[in-house]
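Please look over the sequence and the structure below before turning to the notes.

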Amino acid sequence: MTLHAIETLFDPTLRAGLFDLRRDLHRHPELAFQEVRTAARLEAALGAAGADDVRRVAGTGLVARVPGRHADGPVVALRGDIDALPIHEETGVAFASATAGVMHACGHDVHATWTIGAAHLLARQPAVGEVRILLQPAEELGRGALALLEAGALDGVRAIVGGHVDMRIALGQVIAEPGPIAGSTDEFVIEVVGRGGHAARPHEARDPIVAAAGIVIGLQTIVARRLAPGEPAVVTVATFQAGTAENVIPERARLTGTLRAVRPDTRLALQAELRRTAEAIAAAHDVEARVDLRAGTPPIINSGETIGWARTAVTMLLGQDAFRTLPTPNLGGEDFAFYLERLPGCFIRIGAHEPGTERTMAHTPRFLPDERAILIGAAVLAETARRAAAELSS
Ligand code: NI
């Protein structure tokens, strides 16, 4: 099958309706946990898709069920995220954001819409068991998945499937491979506490700026010198704040940043090395480093068995030629990882770049995935859910 064949799974009215829905969501983006209009629009769309028991959860989240062929068949969840980013859109399209400074710059408008499309396909051709549709808020904060889990939205679910648009690969191509597909995301704050003084008399002060600068450079040696070559990991210092005037040595400097890894032991090593390096360099400068680590999302690691559900679906719908591998390890975070801490599942990346057009990247003001990725996502994820249910019931 090809993209054209996938298009024929959707009658012209449904296809137009999905594109309209996505453009409407795109024009009215809402930030994490503020997706009020978005949730109302999606609630109506779920009803029209033939889903039952549509419920609000975790404020702006939605959960619904598409009945399976057997009442006692295994329940599989299909998740789409719905929130936007604090970015001012510069795509220039007719359906560009009407809200200044807020934009669907990560494709969650596409994900929400392909989830609705999948509900339509599953209502028409059900899985063995119920498919639980999840429309999740606040992915960008890394908190929406936990909110849905705490609200009991996943109770009774045996497996979960999800995906993300990807502009690095072409429309019709899919990344569905065993192993890591998203990184862990831990945040850090390092408060460097010295003693302020006159800028002309540094010997009377203990300068937190020079110490913090040493810490920034020292942290770069963690990946370079403490981890094995080729181990995927990132230490990024993203903010550095200190000082108020050119003739004053301040009391404090403050660094914040992120640690990324794909293996649990590497994640722990980054945390330990960050703390040790910051404290030791601070001590060398006779200042104090107060290190605060905040655990974020775990990595996503697809197992060979669960990603097999998606691979079978992709092979059937798009053929063997559709598969691509991650060009480089992906250390972006994705809170879908919290579901996978509790139940089996798989996560795929779905190509959205039309060859010959500008390759606009996620989290930038010009990000513009091809809307036909909606049809591919809907078809592939619906079929992946059917395969998961079939495997779990055999
Ligand atoms: Ni995203």
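Apart from its neighbours within four places in sequence, Val66 is in contact with Ala51, Ala119, Leu122, Ala123, Gly129, Glu130, Val131 and Ile133. The model that shows these contacts is a predicted one.

**Val66**
- Val66 belongs to strand S2.
- Val66 counts as buried because its relative accessibility is 2%, and the cut-off for a buried residue is under 20% relative accessible area.
- Between Val66 and Gly377 there are 17 Å in space, C-alpha to C-alpha, although the two residues are 311 residues apart in sequence.

**Asp83**
- Asp83 lies in the loop that runs between strand S3 (75–81) and helix H4 (108–124).
- Although Asp83 is buried, it has no salt bridge; Arg79, the nearest side chain of opposite charge, is 7.2 Å away.
- The backbone nitrogen of Glu139 is reached by the side chain of Asp83 at 3.1 Å.
- Beyond its neighbours within four places in sequence, Asp83 has contacts that include Glu30, Leu31, Ala32 and Glu35. Also among them are His104, His108, Pro137, Ala138, Glu139 and Glu140.

**Residues with positive phi**
- Most residues other than glycine have a negative phi.
- Ala58, which is not a glycine, has a positive phi near 50°.
- The position of Ala58 is in the loop between strand S1 (52–57) and strand S2 (61–66), and its relative accessible area of 26% makes Ala58 partly exposed.
- Asp286 is likewise not a glycine, and its phi is positive at about 60°. The loop between helix H7 (264–284) and strand S13 (288–294) holds Asp286.

**The chain as a whole**
- The chain contains 10 helices and 15 strands.
- Along the principal axes, the C-alpha atoms of the chain fill a box of roughly 75 × 45 × 45 Å.
- Of the 394 residues in the chain, 55% are buried.
- The chain exposes about 16,100 Å², and carbon and sulfur atoms supply 52% of that area.
- Considering contacts between residues at least 6 apart in sequence, 80% join residues at least 24 apart.

Notes: Residues are numbered from 1 along each chain as its sequence is written. This is a predicted model: local features need pLDDT of at least 70, side-chain atom pairs count only at pLDDT 80 or more; totals for chains, interfaces and linings use all residues. Side-chain values use heavy atoms; hydrogens and water are left out. Helices (H or I, at least four residues) and strands (E, at least two) are DSSP runs, numbered from the N terminus. Buried means under 20% relative accessible area, exposed over 50%, partly exposed in between (1.4 Å probe, protein chains only). Lys and Arg count as positive and Asp and Glu as negative; His and the chain ends are not counted. A salt bridge is a side-chain nitrogen of Lys or Arg within 4 Å of a carboxyl oxygen of Asp or Glu. A polar contact is a pair of N or O atoms within 3.5 Å; within protein, one must be able to donate a hydrogen and the other to accept it, and residues adjacent in sequence count only if both atoms are side-chain atoms. Contact means heavy atoms within 4.5 Å. Accessible areas come from the Shrake-Rupley method with a 1.4 Å probe; for residues, only the protein chains shown count as cover.
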